[in-house]
Amino acid sequence: MAVTLSPPRLLPSGDAAITVEFSRNIDDAANQRVLALDRALTEAPVSGVTETVPTYRSLLVHYDPTEIGFDALGEKMISLAQHPLPPTKKSRRWRIPVAYGGEHGIDLEDFAKRLNTTPDEVVARHVAGDYRVAMIGFTPGWSYLSGLEKFLHMPRRQNPRLSTPAGTISIGGVQTGIQCLAGPSGWHLLGRTPVRTYQLHRDPIFLLEPGDRVTFAAVDTETFADQDRAAEAGEIVAELIAA
Amino acid sequence: MSRLIIASIGPASSVQDGGRPGSQRYGLTPSGAVDRLALAAANTLVGNALFAAGIEIGPFGAAFTARGGAVRIALAGALRNTDIGGRKVAFDTSATLADGETLTLGFARGGSFSYLAIEGGFEGEPMFGSFAVNARAGLGSPYPRPLQAGDELHTAPASGAAEQRIELPAADKGPIRVVLGPQDDEFSDDAKKLFLEAKWKISPTSDRMGYRLEGPVIKHLHGHNIVSDGMVNGSIQVPGNGAPIVLMPDRPTTGGYPKIATVISADFGRFAQIPAGTGFRFKAVGMAEAQEEARKFAKLLHTLPDRLRTIEHFDLNIEALQDANVAGSAVNAVDTGTWQ
């Protein structure tokens with residue numbers, strides 16, 4: 001069955017990068033096309049392309065303008081985007097342990113109250129989700145997940161916090177995410193994972209890839225503490241349930 | 001083994017090289033020297049690879065002492081009063097510190113960053129192929145943080161090679177060129193016109209993540225939130241308060257504010273050198289011109305070794321070199337007189 005896909009928009013990001021935009025919104029179909037184009041460029045590299053950055057709605061393609069110009073590269077992007085590769089690679093699936101609530105998730109109770117429900121219900125719904133790594137960005141290992149059920153959507157906080165802990169699992173708007181390093185965040189903090197999505201001197205340094213599947217599993221604070229020590233020593237502690 | 005001891009150094013000074021591109025898809029920023037031409041010129045003077053690690057020195061003064069043997073260095077980038085034990089040293093030249101001698105640098109003039117290259121480089125453990133400091137991610141070598149007094153760089157003894165100067169092209173004092181986009185359609189024609197016609201200043205709160213601009217308020221057409229997408233060095237994002245921020249090499253990899261334009265790669269180093277408080281303007285150019293400038297810039301980088309001249313003792317007249325603006329021609333990013 002031949003399907004004609006609409007062409008993406010080609011937006012110049014200076015003279016050495018093109019933003020290949022599939023949508024202006026957070027859009028699952030657009031994200032699938034972003035990841036498909038990213039995969040096409042991995043499987044059949046285009047000379048002059050130096051690296052790619054997938055996001056929810058666009059693929060940023062960095063290139064060397066001494067090797068390929070904007071017009072030639074743009075034509076290639078349009079052609080690849082309109083004739084996507086059939087999905088051959090099955091995505092990996094991870095189970096990520098999370099200690100929800102209490103000191104590890106200081107916003108959980110308030111979050112539940114705003115939804116007129118209980119913290120247990122929020123946790124049950126969050127672990128029931130089947131998520132996809134839509135993009136990794138902002139700071140090393142910060143993984144933005146799509147697939148959050150509507151019931152759990154919640155606008156970001158009015159006042160972002162300047163510091164939130166490493167390993168925070170949070171919800172912001174229609175997204176949930178895994179934050180690796182301590183840093184600022186305006187999202188609601190539901191829990192913490194001992195999993196390091198970025199860890200120097202570990203193989204692999206970056207655990208997750210855009211396109212990977214993720215589910216969460218609730219663990220108690222003792223398990224969290226044990227796994228946190230193991231992770232600090234270089235263990236992955238996330239469970240790879242399908243490769 | 002010789003050592004270069006950091007006797008004193010100001011903030012915003014760190015080891016930088018060509019950076020670590022290639023992991024932006026994991027949220028890892030590329031880092032690297034803000035003025036690549038100046039780093040490459042300094043490295044060329046001492047026979048290093050163009051983007052070998054050197055010291056990026058912020059606007060304040062600094063001093064370095066050789067211990068355990070002689071150390072051969074070179075300086076490029078923002079000009080400063082410089083001497084080795086009372087002997088004047090010109091920018092865009094190499095020089096050798098004998099064991100125990102101290103290189104003293106004053107405040108930067110006409111630019112923000114100077115680069116000190118060390119012949120043969122120095123010891124360290126590259127992370128993702130780079131020594132560049134990115135303190136937030138715990139990266140950088142030999143110290144994963146900005147340099148401070150007492151730090152030591154371990155290097156090979158000076159080769160004794162003849163000292164060199166490098167003839168760089170005259171400084172471009174024109175406006176900083178940009179390509180509009182990727183989100184210029186989030187701004188009205190009037191807002192874009194204002195952005196391109198205004199006189200801007202770099203805010204003193206700027207750093208290697210981003211330069212904040214002081215000038216008129218640039219209003220959005222549809223609000224300041226967009227769904228996050230990728231950013232590059234030189235992306236000019238406009239947050240809710242309407243004050244543009246130009247993203248620098250320690251920037252986040254993605255961001256959720258509309259980006260009105262992007263500084264062209266050939267002008268990025270020149271832009272990065274503009275001192276806080278100095279006025280400048282932007283000018284929009286087309287993609288063809290921007291990419292032609294990128295090709296010219298790449299050619300300049302790769303022909304730097306052809307611009308070396310051996311220093312004869314009798315032609316080393318520092319003042320004459322500086323007056324002729326041969327030294328430091330990579331900087332003087334803007335003609336401050338024009339805008340005042």
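**View 1. The two domains of chain B have C-alpha centres 28 Å apart.** Domain 1 of chain B spans 2–166 and domain 2 spans 176–294; such bounds come from an automatic or database domain assignment. The structure is a predicted model in which local features need pLDDT of at least 70 and side-chain atom pairs count only at pLDDT 80 or more, while totals for chains, interfaces and linings use all residues. Residues are numbered from 1 along each chain as its sequence is written, and chains are lettered from A and ligands numbered from 1 in the order in which they are written.

View 2. Two residues are in contact if their C-beta atoms, placed from the backbone, lie within 7 Å. Helices (H or I, at least four residues) and strands (E, at least two) are DSSP runs, numbered from the N terminus. Ala, Val, Leu, Ile, Met, Phe, Trp, Tyr, Cys and Pro count as nonpolar, Asp, Glu, Lys and Arg as charged, and the others, Gly among them, as polar.

**View 3. Chain B has an open sheet of 8 strands with mixed pairing, in the order E21-E14-E15-E18-E17-E20-E13-E22.** Two strands pair if DSSP finds at least two bridges between them. Strand E21 (279–280) and strand E22 (282–284) of chain B are at the edges with a single partner strand each, so one side of each has no neighbour in the sheet. Within the sheet, strand E17 (235–237) and strand E18 (245–247) of chain B are antiparallel over 2 bridges, and Gln237(B) stands opposite Ile245(B) in E18(B). Helix H2 (residues 189–197) of chain B packs on this sheet, where it touches strand E20 (259–263) and E22 of chain B, and its direction makes about 125° with that of E22(B). Helix H3 (residues 265–272) of chain B also packs on the sheet, touching strand E13 (176–180), E18 and E20 of chain B, at about 130° to the direction of E13(B). Axes are lines fitted to C-alpha atoms, for helices over the stretch in contact, and angles run from 0 to 180 degrees between N-to-C directions.

**View 4. In chain A, 4 strands form an open antiparallel sheet in the order E1-E2-E4-E3.** E1 and E3 of chain A are its edge strands, each pairing on one side only. From one strand to the next, the twist averages 25°. E1(A) and E2(A) pair over 4 bridges in the antiparallel sense, and Leu10(A) has Val20(A) in E2(A) as its bridge partner. Helix H1 (residues 28–43) of chain A packs on the sheet against E2, E3 and E4 of chain A, and its direction makes about 155° with that of E3(A).

**View 5. Chain A and chain B meet through 37 residues of chain A and 34 residues of chain B.** On the side of chain A, the elements that give two or more residues are strands E1 (9–12), E2 (17–21), E3 (49–54), E4 (58–63) and E6 (131–136). E3(A) gives the most, with 5 residues. This side of chain A has 20 nonpolar, 13 polar and 4 charged residues.
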